[in-house]
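Work through the exercises below with the structure open. Each task is followed by a solution in steps.

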Amino acid sequence: MTADLLFEIGVEEMPAPAVLPALRQLEVRLQSGLAELRLEPADITTYGTPRRLSVFIKDVTRQQPDIEEEFKGPPASAAFDNDGNPTKAALGFARGKGLEVADLEVRDTDKGAYVFARVTQAGQPALQVLPELLESVARSLTFPKTMRWGEGDFRFARPIRWIVALLGEEVIPVEIAGVRAGRVTYGHRFLSQGPVELSRPSDYLEALEEAGVIADHHRRRKMIAEQARVVAQEHGGEVRLDDDLLTEVNFMVEMPTCLCGSFDERFLDLPEDVVVTVMSAHQRYFPVENASGALMPLFIAVRNGDDKGLDVVREGNERVIQARLSDAEFYMREDLRVALADRLDGLKRVTYIEGMGSLYDKARRLGPLVRWLGEAAPVSEQELQTAARAALLAKCDLTTNMIADTKLATLQGRIGGEYARRTGEPEEVAQAIAEQYQPRGASDVPPATNAGRLVALADKMDHIAACFLLGLRPTGSADPHALRRDAQGIVTILLDARWRVDMPEFIETALAEIVGLESPTYAKAGLPDALPPEQAALQIAEFLLQRLEGDLAERGVSYDLARAVLAAPCPDLLDAYDRALALAQVREQDEHFEAVIIAAERCANIVRPVRAEQELSLAPEMLVEPAAVALHDAYHEQQQRVEEALEGEARDYAAAWQALSALRGPIDTFFDDVLVMAEDETVRSNRLALVGAVDDAFLRLLDVKKVVLEGANDQQ
Amino acid sequence: MVLQNMFQTLDAFWAERGCLLAEAYELEVGAGTMTPDTFLRSLGPEPWDVAYVQPCRRPTDSRYGENPNRFGRYFQYQVIMKPSPPSFQEMCLESIQALGIDPSIHDLRFVEDDWEAPTLGASGVGWEVWLDGMEICQYTYFQQVGGMACRPVTVELTYGPERLAMCLQDADDYRDLMWSDTVSYGEMRYEEEREYSHYNLEIANTEMLGKMFEMSEQEAREVTEAGFPLPAYDYVLKCSHLFNLLDARGALSVTERTAMIERVRDLASAVARAYVARREELGFPLLKAANESGLESPTYKRR
């Protein structure tokens, strides 16, 4: 016997970004909750609109099946006396399980005879156990932000106003936040006439559609995308459908109707970024472009309703965008009264991060850092000059009216570039300023120009260095300064440009610029977690390698190999990246890979503990046993091949591996024939030194001890 | 509908729903929220339902009267209900309909916009109410005021009468709005916007403003300590407005700005605490009145 289940939480309009995550939680928690209750669901579907979080579950069993549980009691010897009469222990055990002593069973186990109780738990009707589940699931939903309302203490994303909970044709009697569940839902605010009574869960979608609501968000999304395309084409353009915006808009409407409005062409003189951001961030409009990809003075708005009075809605929206764009125009006119470069002095009055001086200090730090990078990276003198100028002006847009508008603040950098261009800076400088924050996230591209790369790298490293010195490194999921994004940016830029930059030196230079400030205010900030520069340097290096490890995982490099590669010295991220990819391929193709690792591991195992205590120096002429001499000869030859393979730009990691794998035979023979731990100390340390040299050779590629071998579990 | 009729309509609407009709506060405020009838009354357990028009000043929004819908001085129609009734959102929509807006030919919706007033130590969760893409109201459930959690929760609805009037009168420029049947908003207020914009953005003597801030801060602190939160709060409001002027003049560095916000917030929080303590001393009179009316809930005034 099964019945469909419908659970709808009716709310005052949810924040659009909160709906999907809440639906996912509902689905997962109900799935596992029903399984725990032994109510097998056939199929769970979720629906979401701004005003409802809904779950439809097909074929939920109406009755929990009975279950039989067995409990182990005392040993038979303790449960019954010599005459076979039950003791207190047996009586107590039986009573505890709600049974008579006669119902107990005695069975042999490998620890002797024990008493067992077999208890049958009768299944309950689903209607009886569901209320608690629904209540606890609703209570367990987490949101980025919750609130209280009225006189209650219940917390939710927005006030709960109604609840529908049906199992088949029956109401599941649950109460959440003082709202009693029923069979009444509500349609679109203005397209429906009063409450909607549902007879059964399967009526849900249809009943709501009749009441002006498309509850299925997948379908609604398609409707929006399709309508937006059609409407734009009717106006001779193509809609730019940004995926995130589409998702957001989808959860702002219950019945979508797209319309195309227009604005004064003069606003197209504003930077395109500004126009697009005003449209999307402020008003959630989609931009429209012409055949050559240029912005048209049009926008697509998605109305929450049908097409009645659509012209009135269009005019209203046009009025708003006109005013918003007028604001942007006002900002720009005011901002451009001052050349971007003349804003430099104003940066003195803007704090960068508490304890890290002003933005002016930051601008001054970026110069030397860019210069250092420019020496390390293959860029021209011209590009270096450009980058230095861009670095100096990079933060000037932070004092503009445009960026002061919180909705437009995401344009930082790009506005700087635009204003630089319009106030007499060379195009290359403008572009480098505009690129400084790239990549802005996983979906963004790194800077395209060398000058942009230099500025972006320096800006990010300075930010990371400043925060680590202050002890503001990310913890757990909290990363308020977005340092992970910055670190990822550094990795992405270096890999994209294929620049070899000595990381420890880069980090050290960035830290030295800060520490060398005339008044190192950071020391006075007195933050509890502030770090001395040497420690910050180590943590930053590790932090960057963690990002690289993530990149490697995305490229399909197994985690153990990635760790093995990164545990070997990695002064240069590009080298580490290439090395890991190459070795991943070797591992797949070389059938002896594991055998070589095992041989190398023997070396590491024996020599590392010793090396931790004392220095070893190798005297080849003192080696006498043939196996030792053979290993040394092989090492000597292959080590040179390794160095040759890893020299210069085109590094052949596979060849280096080939060379190292030739050591496997000599290593094995050496350990078979020679006792490393000789009694004579000179002999012993010389043999250890040889083994250490071999370990070092492998460390040019990876730390063999970090590789998890197949069947490793069997060996343990 | 002309502006003065809008105010009358809203007054009638909310009076019918149990709100008392108050008058505007006479000091400069950046928003209706800052007036004692909202800020102070939302504190503590006493029920409070009120509606009033409040002129507001935001010097940074000065545009010399040339921007079609942004002004340095404008109006808010403020509605407060504590505790927030379950049907408030419906009332909000009904009130908009009462103004003659037919939702079936418009696009009316609630768009997430949580609210925070750092100078008041206040924050809330809520929405902008959009009419055809234009924000016409703010609708907020207060969660914290003056650094104290709101129990019960106060709900605030703030209308932007000028914005609404632009829709109602189909005007593209505030200057064309009609206040009465014979006098336009521009005739009433354009010159004022122009002069104040020059003053706010260019003329105001920042040194003097700084001194006034210091003096007002000290007065607020001393009067709070003397046990008179109501007059003390006047000086908090003065501090807030002086801060806004300094901000509009671009006279504050980011650090100074943050520090000043903190100073005002500390004053506001101190006043809030003193106010609640005083109301408690008085035995929370409005709560008592509600209980004496024989109904269990303090929402006794509601029908």
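**Exercise 1. The contact between the chains**

How many residues does the contact take from chain B, and how many from chain A?

Solution. The model is a predicted one. Its contact between the two chains takes 36 residues from chain B and 34 residues from chain A. Next, locate the chain B side by element. Two or more residues each come from helix 3 (88-98), strand 4 (108-112), strand 6 (122-131), strand 7 (134-145), helix 4 (161-168) and helix 8 (254-281) of chain B. Strand 4 of chain B gives the most, with four residues. Last, sort that side by class: 18 residues are nonpolar, 10 polar and eight charged.

**Exercise 2. A sheet in chain A**

Find the strand order of the open sheet of five strands in chain A, and explain which strands stand at the edges.

Solution. The order is 2-3-1-7-8, with antiparallel pairing. Strand 2 (43-49) and strand 8 (170-171) of chain A each have a single partner strand, so one side of each is left without a neighbour in the sheet. At the strand 8 end, strand 7 (residues 160-167) of chain A pairs with strand 8 of chain A in the antiparallel sense over two bridges. A:Glu170 in strand 8 is the bridge partner of A:Leu167. Helix 4 (residues 126-140) of chain A packs on this sheet and touches strand 1 (2-11), strand 3 (52-61), strand 7 and strand 8 of chain A. The direction of helix 4 of chain A makes about 145° with that of strand 7 of chain A.

**Exercise 3. Two domains of chain A**

Describe the contact of domain 1 with domain 3 in chain A.

Solution. Start from the bounds: the domain assignment gives 2-64 + 125-210 for domain 1 of chain A and 217-335 for domain 3 of chain A. Their centres, taken over C-alpha atoms, are 33 Å apart. The contact takes 11 residues from domain 1 and eight residues from domain 3 of chain A. On the domain 1 side, helix 1 (16-36) and strand 2 of chain A each supply at least two residues. That side has seven nonpolar, three polar and one charged residue.

**Exercise 4. A helix pair in chain A**

Classify the crossing of helix 11 (residues 381-393) and helix 14 (residues 427-435) of chain A.

Solution. The two axes come within 8 Å and cross at roughly 55°. Helix 11 and helix 14 of chain A are therefore oblique to each other. Their crossing is right-handed. Residues making the contact include A:Ala387 and A:Leu393 of helix 11 and A:Val429 and A:Ile433 of helix 14 of chain A. By class, the contact has six nonpolar, one polar and two charged residues.

Note on methods
Residues are numbered from 1 along each chain as its sequence is written. Chains are lettered from A and ligands numbered from 1 in the order in which they are written. This is a predicted model: local features need pLDDT of at least 70, side-chain atom pairs count only at pLDDT 80 or more; totals for chains, interfaces and linings use all residues. Two strands pair if DSSP finds at least two bridges between them. Two residues are in contact if their C-beta atoms, placed from the backbone, lie within 7 Å. Axes are lines fitted to C-alpha atoms, for helices over the stretch in contact, and angles run from 0 to 180 degrees between N-to-C directions. Domain bounds come from an automatic or database domain assignment. Ala, Val, Leu, Ile, Met, Phe, Trp, Tyr, Cys and Pro count as nonpolar, Asp, Glu, Lys and Arg as charged, and the others, Gly among them, as polar. Angles under 35 degrees count as roughly parallel, over 145 as roughly antiparallel, 65 to 115 as roughly perpendicular and the rest as oblique. A crossing is left-handed if the near helix is turned anticlockwise from the far one by less than a right angle, and right-handed if clockwise.
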